[in-house]
Amino acid sequence: MSAQHALNIVMIEDDAGHARLIEKNIRRAGISNHLRHFLDGTSALDFLFNDPEGPMKNGPALVLLDLNLPDMSGTEILSRIKGDEQLHRVPVVVLTTTDDKIEIQRCYDLGCNVYITKPVNYESFADAIRQLGLFLSVIQLPDSEG
């Protein structure tokens with residue numbers, strides 16, 4: 001009997017404080033999926049494209065992407081994901097401190113699904129997750145059996 005692949009949440013965020021806040025908001029929204037946190041783009045891309053646990057080999061994922069990373073821009077990661085034949089359907093939520101209209105438009109042009117300005121508050125995060133209705137179908141809620 002094969003277990004259905006649960007959705008992996010991949011968070012690419014170099015600020016530990018923001019990462020903790022984002023994770024707290026995810027849990028408050030009732031999402032119990034496994035969350036993998038990467039501090040830079042290089043290791044995140046390696047996971048996304050090459051890791052046997054990653055979405056290339058292991059089913060669906062949601063990417064939470066900070067734009068300001070130490071080694072590359074988040075828009076570069078976004079365009080790599082959305083430009084890939086296998087990964088282009090992965091929902092990407094951009095989380096960043098920039099509310100520059102041009103930057104926001106660029107992210108949407110590259111294919112981001114939702115753009116959230118940090119600091120992320122729970123309501124905006126919960127709304128974003130609701131907007132990703134397609135994504136809710138693969139979210140793993142806590143089991144009621146025990």
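Residues are numbered from 1 along each chain as its sequence is written, and side-chain values use heavy atoms, with hydrogens and water left out. As the model is predicted, local features require pLDDT of at least 70 and side-chain atom pairs count only at pLDDT 80 or more, whereas totals for chains, interfaces and linings use all residues.

The protein contains seven helices and five strands. Helices (H or I, at least four residues) and strands (E, at least two) are DSSP runs, numbered from the N terminus. From that terminus on, the order of elements is β-α-β-α-α-β-α-β-α-β-α-α. Of the 146 residues, 44% are buried (under 20% relative accessible area; exposed is over 50%, and partly exposed lies in between, with a 1.4 Å probe and protein chains only). Contact means heavy atoms within 4.5 Å. Among contacts between residues at least 6 apart in sequence, 65% join residues at least 24 apart.

The five strands form an open sheet in the order β2-β1-β3-β4-β5, with parallel pairing; two strands pair if DSSP finds at least two bridges between them. Strands β2 (35–38) and β5 (114–117) are the edges, each pairing on one side only. Direction ignored, neighbouring strands are turned by 20° against each other on average. Strand β1 (residues 8–12) pairs with β2 over four bridges in the parallel sense, and Ile12 stands opposite Phe38 in β2. Helix α4 packs on the sheet, where α4 touches β1, β3 (61–66) and β4 (92–96), and the direction of α4 makes about 155° with that of β3. Helix α5 (residues 101–110) also packs on the sheet, touching β4 and β5, at about 150° to the direction of β5. These angles run from 0 to 180 degrees between N-to-C directions, and axes are lines fitted to C-alpha atoms, for helices over the stretch in contact.

Strands β3 and β4 likewise pair in the parallel sense over four bridges, with Asp66 opposite Leu95 in β4. Five of the five residues of β4 are buried. Val92, Val94 and Thr96 point one way from β4, and Val93 and Leu95 point the other way.

Helices α2 (residues 41–50) and α4 (residues 74–82) pack at about 10°, with their axes 11 Å apart. The two helices are therefore roughly parallel (angles under 35 degrees; over 145 is roughly antiparallel, 65 to 115 roughly perpendicular and the rest oblique). In this contact, Gly41, Leu45, Leu48 and Phe49 of α2 meet Ile77, Arg80 and Ile81 of α4. The buried residues of α2 are Gly41, Ala44, Leu45, Phe47, Leu48 and Phe49, and their cover includes β1, β2, α3 (55–58), β3 and α4. The N-terminal end of α2 is capped by Asp40, with a side-chain oxygen 3.1 Å from the backbone nitrogen of Thr42.

Glu13 is found in the loop between β1 and α1 (16–28). Glu13 is buried, with a relative accessible area of 1%. The Glu13 side chain reaches the backbone nitrogen of Asp15 at 2.9 Å. Leaving aside neighbours within four places in sequence, Glu13 is in contact with His18, Ala19, Ile22, His37, Phe38, Leu39, Asp66, Leu69 and Lys118.

Terms used: Polar contact = N/O pair within 3.5 Å; in protein donor to acceptor, adjacent residues only side chain to side chain.
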